[in-house]
Amino acid sequence: MKNYTSVHDVADVAALVNEALELKKSPLAHKDLGAGKTLGLIFLNPSLRTRLSTQKAALNLGMNVMVMNLDKEGWALETQEGAVMNGTTVEHIKEAAAVMGQYCDILGLRSFPKLQNKEEDYSEDILNKFIKYTGIPILSLESATRHPLQSLADLVTITEHKPAGRRPKVVLTWAPHVKALPQAVPNSFAEWMCAADVDFVITHPEGYELESSFTEGATIEYDQEKALQDADFIYVKNWSSYQEYGKVLSDGEGWMMTNEKLSNTNNAKVMHCLPVRRGLELSDEILDGPNSLVIQEAGNRVFAAQAVLKQLLENSK
Ligand code: AN0
Ligand code: CP
């Protein structure tokens with residue numbers, strides 16, 4: 001693995017999940033692998049879980065970690081090729097990324113979509129410029145279109161909790177939100193579930209179809225009640241429209257997950273990447289009840305990140 005930006009960077013998905021589960025049993029088994037190596041974590045957007053879990057994962061492997069909130073603490077970045085920089089931007093991504101490459105052995109980057117221009121966001125311009133100009137392995141901490149560390153932790157969590165002896169049914173359900181959120185988490189989750197040994201159904205109101213290359217192999221069911229029938233896992237997430245790019249199309253009344261909706265499922269476990277809006281995306285009764293896996297799921301972020309960092313380190317030896 002050279003960079004980690006999507007499921008397509010992973011040679012063997014099941015083996016990576018097993019690696020994460022092994023690391024969960026013995027987090028310090030490879031505590032010297034990263035000695036003398038530095039991980040830079042660069043944030044252009046807020047984070048709680050990704051920042052702390054990736055830092056913890058790197059420390060478990062003996063790495064040094066440097067964290068920077070580039071959007072608040074760095075110079076304003078120019079990203080356009082050939083720009084005459086006589087406005088507000090202070091340094092070009094060409095120099096900024098290349099300099100970070102001098103200080104780090106692996107660089108993690110969080111760069112959300114702006115949700116203004118579909119082509120710009122889906123070209124992954126910033127992520128690709130970091131890959132091009134740093135010259136070192138890049139670890140996505142959620143890019144414009146994907147969140148692969150989250151998806152790996154999600155698959156690890158499903159693997160731990162799946163029923164014995166059969167393929168689990170996993171349902172990704174859209175949930176209401178007041179803000180326009182990226183499609184990165186659902187895109188990525190869909191891409192990983194389509195690569196995993198599960199029956200995968202996606203349900204959302206019309207107009208919230210994801211870009212089709214992420215959902216090849218999934219069943220799309222617009223009726224949430226039908227979709228949830230016999231589910232083993234329900235993955236709750238809001239996203240803004242891809243077609244009417246970045247728009248919130250409706251208030252989504254009736255789409256919040258509640259205990260009542262669990263009644264036709266196979267006593268489904270409920271997942272969410274967090275942060276979650278209580279009483280809007282997910283009811284208190286679910287989050288505070290026995291079916292919620294959200295805390296275990298967030299806990300697994302450490303071992304997902306550690307499995308990926310381990311492979312990146314081993315690859316660069
Ligand atoms: C972000 C998103 O939906 O992509 C990050 C989730 C991990 N969520 C919010 O902005 C609330
Ligand atoms: N799930 C997740 O990535 O959370 P943060 O945005 O807090 O990192």
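Trainee: Hey, where does Leu-274 lie?

Mentor: Leu-274 is in the loop between S11 and H11. Bear in mind that we're looking at a predicted model.

Trainee: Got it. Is Leu-274 buried or exposed?

Mentor: Buried, because its relative accessible area is 15% and the cut-off for buried is under 20%.

Trainee: And what's the phi of Leu-274 like?

Mentor: Leu-274 has a positive phi of about 65°, even though it isn't a glycine. Most residues other than glycine have a negative phi.

Trainee: What kind of peptide bond joins Leu-274 and Pro-275?

Mentor: A cis one, with omega at about 5°. Most peptide bonds are trans. Pro-275 sits in the loop between strand S11 (269–271) and helix H11 (284–287).

Trainee: Why does Glu-142 count as buried?

Mentor: Its relative accessibility is 7%, so Glu-142 counts as buried.

Trainee: Let's zoom out. How many helices and strands does the protein chain have?

Mentor: There are 13 helices and 11 strands in the protein chain. The C-alpha trace spans about 55 × 50 × 30 Å along its principal axes.

Trainee: How does the radius of gyration fit with a compact globule?

Mentor: It agrees: for 317 residues a compact globule would come out near 20 Å, and the protein chain has 20 Å.

Trainee: What share of the residues counts as buried?

Mentor: 56% of the 317 residues. As for the accessible surface, that comes to about 13900 Å², and 49% of it belongs to carbon and sulfur atoms.

Trainee: What about positive and negative side chains?

Mentor: The chain has 31 positive and 42 negative ones, and the centres of the two sets lie 6 Å apart.

Trainee: Of the contacts between residues at least 6 apart in sequence, what share joins residues at least 24 apart?

Mentor: That share is 78%.

Trainee: Which helix does Trp-192 lie in?

Mentor: Helix H8, which covers residues 184–195. Trp-192 counts as buried because its relative accessibility is 0%.

Trainee: What is Trp-192 in contact with, leaving aside neighbours within four places in sequence?

Mentor: Its contacts include Tyr-4, Val-7, Val-10, Pro-148 and Leu-152.

Trainee: New topic: where is Asn-3?

Mentor: Asn-3 comes in the segment before helix H1 (13–25). With 13% relative accessibility, Asn-3 counts as buried.

Trainee: What lies 2.9 Å from a polar atom of the side chain of Asn-3?

Mentor: That's the backbone nitrogen of Ile-138. Beyond neighbours within four places in sequence, Asn-3 is in contact with several residues, among them Asp-9, Pro-137, Ile-138 and Leu-312.

Trainee: One more asparagine. Where's the place of Asn-291?

Mentor: Asn-291 is in the loop between H11 and helix H12 (294–299). Asn-291 is buried, with a relative accessible area of 11%.

Trainee: Which backbone oxygen does the side chain of Asn-291 reach?

Mentor: The one of Ala-268, at 2.8 Å. Not counting residues up to four places away in sequence, Asn-291 also touches Leu-262, Asn-267, Lys-269 and Val-270.

Notes. Residues are numbered from 1 along each chain as its sequence is written. Chains are lettered from A and ligands numbered from 1 in the order in which they are written. This is a predicted model: local features need pLDDT of at least 70, side-chain atom pairs count only at pLDDT 80 or more; totals for chains, interfaces and linings use all residues. Side-chain values use heavy atoms; hydrogens and water are left out. Helices (H or I, at least four residues) and strands (E, at least two) are DSSP runs, numbered from the N terminus. The radius of gyration is taken over C-alpha atoms; the globule rule is 2.2 Å times the number of residues to the power 0.38. Buried means under 20% relative accessible area, exposed over 50%, partly exposed in between (1.4 Å probe, protein chains only). Contact means heavy atoms within 4.5 Å. Accessible areas come from the Shrake-Rupley method with a 1.4 Å probe; for residues, only the protein chains shown count as cover. Lys and Arg count as positive and Asp and Glu as negative; His and the chain ends are not counted. The place of a charge is taken as NZ of Lys, CZ of Arg, CG of Asp or CD of Glu. A polar contact is a pair of N or O atoms within 3.5 Å; within protein, one must be able to donate a hydrogen and the other to accept it, and residues adjacent in sequence count only if both atoms are side-chain atoms.
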